[in-house]
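Look through the model below before reading on. The report then takes it part by part.

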Amino acid sequence: MKYTQLGRTGLKVSRLVLGTMNFGPQTDEPTSHAILDAALDAGLNFVDTANVYGWGENKGRTEEIIGTWFAQGGGRREKTVLATKVYASMSREGETWPNEDRLSALNIRRAVEASLKRLQTDHIDVYQFHHIDRLTPFEEIWQAVDVLIQQGKILYAGSSNFPGYKIAQANETAARRGMVGLVSEQCLYNLAERRAEMEVIPAAQEYGLGVIPWSPLHGGLLGGVIKKEVEGGRRASGRSADALANSTVRAQVQAYEDLLDKHGLEPGEVGLAWLLTRPGVTGPIVGPRTAEQLDGALRALELELSEEVLAGLEEVFPGPGPSPEAFAW
């Protein structure tokens, strides 16, 4: 396993992040535990979740599955860098009540306590804001975070889905309070979706945040989806199906698969390996539903992309270019 520092911190994390969103909804508890064990055995020490995972009437279920895994002992918690998130409402349908969502000091405090209980741990290593809160000032958010750090319940704060200007605003406010501020940003970033290169990633680099891309294969679009259709009759679904309905996108994905077939490379592994070459990226989030999918993700760590392949990828999926030159002079 390869490791790197998380942004400007002294925290060492693996260059792949184990995403757990499937644990509960699609992957049962024993299989989830097996995946967590396999990841830890491979040296993958960074595990990401969110309080809302489990969804619907089962919000919090994913954290509970991780908690029962920690409870087995064997150094599982001690070896894991644990990240979870707060923002979305945890109310059950028909039970909506004020202050059970967003980033008020009250909800942050309640959400941390609830996550700690489900996760069966006494602290969260990286506590992330799942979305921006346009109603709560950062002064209030950082006050709540400061208290939790003093109590030892969280160690670092991170963001997810923040635009560049909010990263700047958050960290400038933190600096005025003498706080470390955000140390990571989770953003949608992959070969097919590179808008983060415009403002988000430059802001993260400027302020020393580690970039953690989610959906690194763009909902399966970059995982060899057309080849799977042709060879196995497995049709695309969800985001991939919607994207492939666009003839321009389909031609682009076909060119991507043809390029990699020419070089004998697997699309899913290349999608991850490409992200590992990008400036500022700590590591992409992989969300395996099975142990076999985890094995495929781990192989990406050993994949060295040639200059020819990188140039070909850039031709198929051109980025927006540097900011502000991409949209100004």
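Buried means under 20% relative accessible area, exposed means over 50%, and partly exposed lies in between (1.4 Å probe, protein chains only). At 0% relative accessibility, Ser-184 counts as buried. This is a predicted model: local features need pLDDT of at least 70, side-chain atom pairs count only at pLDDT 80 or more, and totals for chains, interfaces and linings use all residues. Residues are numbered from 1 along each chain as its sequence is written, and side-chain values use heavy atoms, with hydrogens and water left out.

Ser-184 sits in strand S8 (residues 182–188). Helices (H or I, at least four residues) and strands (E, at least two) are DSSP runs, numbered from the N terminus. What does Ser-184 touch, not counting residues up to four places away in sequence? Its partners include Leu-6, Val-126, Gln-128, Ala-157 and Leu-209. Contact here means heavy atoms within 4.5 Å.

Start with helix H1 (residues 29–41). The expected span of a helix is 1.5 Å times one less than its number of residues. For the 13 residues of H1 that gives 18 Å, and its end C-alpha atoms are 18 Å apart, which agrees. Ser-32, His-33, Ile-35, Leu-36, Ala-39 and Leu-40 of H1 are buried. Seen down the axis, these buried residues fall within an arc of 160°, so they line one face of H1. The arc is that of the directions from the helix axis to the C-beta atoms. Pro-30 and Asp-41, on the other side of H1, are exposed. The buried residues of H1 pack against strand S3 (17–19), strand S4 (46–48), helix H2 (61–70), helix H3 (76–79) and H12.

Helix H8 (225–232) comes next. Val-225, Ile-226 and Glu-229 are buried in H8. Down the axis of H8 they fall within an arc of 105°, so they line one face of the helix. On the other side of H8, Glu-231 and Gly-232 are exposed. The cover over the buried residues of H8 includes H9 and helix H10 (247–262).

**The largest pocket**

A pocket is an open set of points on a 1 Å grid over the protein atoms alone, where a 1.4 Å probe fits, with protein on both sides within 12 Å along at least five of seven lines; lining residues have an atom within 4 Å of a point. The largest pocket has a volume of about 1,600 Å³. It is lined by 48 residues, and the closest to its centre are Leu-217, Gly-219, Gly-220, Gly-287 and Arg-289. Which element gives the most to this lining? H12 does, with 5 residues. Gln-293 is found in helix H12. This glutamine, Gln-293, is partly exposed, with a relative accessible area of 35%.

**Backbone angles**

Most residues other than glycine have a negative phi, and most peptide bonds are trans.

| Residue | Phi | Relative accessible area |
|---|---|---|
| Asn-99 | about 70° | 39%, partly exposed |
| His-218 | about 50° | 13%, buried |

Asn-99 lies in the loop between strand S5 (81–86) and helix H4 (105–119). His-218 lies in the loop between strand S9 (210–214) and H8. Just after H1, Gly-43 takes a positive phi of about 95°. Finally, a cis peptide bond joins Ser-323 and Pro-324, with omega about 5°. Pro-324 is in the segment after helix H13 (307–316).

Key. Points joined across faces, edges and corners; volume = space filled by probe spheres on them.
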